[in-house]
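Have the sequence and the 3D view at hand as you read.

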Amino acid sequence: MLTSGLKPVTAQEFTPLLDPEKSDSLVLRNGDIITGDFKQLQRGIVTFDTDAASKIYLKWPRVVTATTGKTFEIIMADGSTYVGSLRSGDTAYRVQIELPDTSVEVAIDSIVEMVRIKNTIWNRLDGSVDAGFDYTQQQSKVDLNLSATVNYDVAHNRLGLGFSGTFSRQDSAADIRRGNLAGIYARDLSDSWFWAAGAGGQTNSQMSLEYAWSVGTGPGRFLARSNRMAFTMWLGLNVRTERYADQSSRITLPLSLTTDFQWFVWSGMSTDLSSKLVISPILNDAGRWQISWTASLNRELVNSLYLNIGVTEIFDSQPPTDATKNDLSFTSSLGWSV
């Protein structure tokens, strides 16, 4: 249903005048037609390049219909995935997904994500870099934090790499170093299910952890996905090699249940809230649990520049040393996404 006072736009009333391979088109609720380059749809926001206004961001619910001749991985709210292009539907708020041998008409608000299938590996990469610095003169305290992510998407396959590290120095206190490196590969299956495999490494001087390396694999599922939020859960069996201060290395078998929740806010500049919880009973160490929780708020300041505020809690019920069982940390940083 259209909002009262808005005129429906039909496919007969809207026919792009330019080659769709060179110019994509959006029709908005107020009747405006925007032509340019459809970059992506993510978290309810369309990224669109125009000659007149350069890169702009539009809320997907304000789009009546869309046309692009470029190839996208198109992800639906019900978990189904298509690889194809778009053309306007027969009525407002409908689009046709053009596939190699057929087409499917869907409601435009049932599309929750569109990832461009590009020609080269370099063009398929996207990521972000965050850096933060704090200094307190009275205590001669210095806090540094750095994180980076790189993602690679191609039809039904996703690869992600991430690094985060913090360093704290203060007079009359031992330095604190934390580091985390993780990589994950996920293959979409059907009905919102996927299979993931990952590897990672950690170090944490606050918990006397010199290093930990792990590999694991297991199934996952998108429990909810829309233009406003995403909720994912997966279960993985891991093999982990860890070494604590003054201890020899040992192998453990964590069974990790991970939940990842994200909420997207569209008030002016975009705001993203995320929370990730990992609960891991250690199968070969009875009674031992490891839990990690990370929450963050990303607030866009200007185009591609954002402020990040995060909190992380790590807990180990039975560490093999007399070190502290938990580590709570806060970070603030500026980030740049590409």
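This is a predicted model: local features need pLDDT of at least 70, side-chain atom pairs count only at pLDDT 80 or more; totals for chains, interfaces and linings use all residues.

**The overall picture**

The protein has 22 strands and 1 helix. It contains 338 residues, of which 39% count as buried. Among contacts with a separation of 6 or more, 48% are between residues 24 or more positions apart. The exposed surface comes to about 18200 Å², and carbon and sulfur atoms supply 57% of that area.

**Aromatic pairs around Phe-38**

How many aromatic pairs does a search of the whole structure find? The search finds 6. One of them joins Phe-38 and Phe-48, an edge-to-face pair with 6.1 Å from centre to centre and 75° between the planes. This pair links distant parts of the chain, since Phe-38 belongs to strand β2 (residues 33-42) and Phe-48 to strand β3 (residues 45-50), 10 residues apart. Are these two residues buried or exposed? Both Phe-38 and Phe-48 are buried.

Phe-38 also pairs with Phe-72: the ring centres are 5.3 Å apart and the planes meet at 70°, so this pair is edge-to-face. Planes over 60 degrees apart are what that label requires. Phe-72 sits in strand β5 (residues 63-76), 34 residues away from Phe-38 in strand β2, and the pair again links distant parts of the chain. Phe-38 counts as buried because its relative accessibility is 0%, and Phe-72 counts as buried because its value is 0%. Together with Trp-60, the residues Phe-38, Phe-48 and Phe-72 form one aromatic cluster.

**Salt bridges**

Turning to charged side chains, the structure has 19 salt bridges. Three of them are set out here, with the distance between nitrogen and oxygen.

| Salt bridge | N to O distance |
|---|---|
| Lys-39 and Asp-37 | 3.0 Å |
| Asp-272 and Arg-43 | 2.4 Å |
| Glu-242 and Arg-240 | 2.9 Å |

The bridge between Asp-272 and Arg-43 has its closest N and O atoms 2.4 Å apart. Asp-272 lies in strand β19 (residues 271-281) while Arg-43 is in the loop between β2 and β3, so the bridge ties together parts that are 229 residues apart in sequence. Asp-272 has 18% relative accessibility and therefore counts as buried, whereas Arg-43, at 29%, counts as partly exposed.

In the bridge between Lys-39 and Asp-37, Lys-39 is partly exposed, with a relative accessible area of 30%. Asp-37 counts as buried at 19% relative accessibility, because buried means under 20%.

Glu-242 and Arg-240 are both buried. They also take part in a network of salt bridges that links Arg-240, Glu-242, Arg-250, Asp-285, Arg-288 and Asp-316.

**A nonpolar patch on the surface**

Which residues form the nonpolar patch on the surface? They are Phe-261, Trp-263, Leu-273, Leu-297, Leu-301, Val-302, Leu-307, Ile-309 and Leu-334, which together have about 710 Å² of accessible area. Strands β18 (255-265), β20 (289-302) and β21 (305-316) are the elements that give two or more residues to the patch. The largest share, 3 residues, comes from β20. Leu-301 has its place in strand β20, and it is partly exposed, with a relative accessible area of 38%.

Most residues other than glycine have a negative phi.

Asp-191 is not a glycine, yet it has a positive phi of about 55°. You will find Asp-191 in the loop between β13 (176-188) and β14 (193-204). Its relative accessibility is 57%, so Asp-191 counts as exposed.

Asp-246 likewise has a positive phi, about 65°, although it is not a glycine. The loop between β16 (229-244) and β17 (250-252) holds Asp-246. With 79% relative accessibility, Asp-246 counts as exposed.

Terms used. Residues are numbered from 1 along each chain as its sequence is written. Side-chain values use heavy atoms; hydrogens and water are left out. Rings of Phe, Tyr and Trp (its six-membered ring) pair if their centres lie within 6.5 Å; planes under 30 degrees apart count as stacked, over 60 as edge-to-face and the rest as tilted. Helices (H or I, at least four residues) and strands (E, at least two) are DSSP runs, numbered from the N terminus. Buried means under 20% relative accessible area, exposed over 50%, partly exposed in between (1.4 Å probe, protein chains only). Contact means heavy atoms within 4.5 Å. Accessible areas come from the Shrake-Rupley method with a 1.4 Å probe; for residues, only the protein chains shown count as cover. Patches are made of residues with over 30% relative accessible area and no salt bridge: like charges are joined within 9 Å, nonpolar side chains (Val, Leu, Ile, Met, Phe, Trp, Tyr) within 5 Å. A salt bridge is a side-chain nitrogen of Lys or Arg within 4 Å of a carboxyl oxygen of Asp or Glu.
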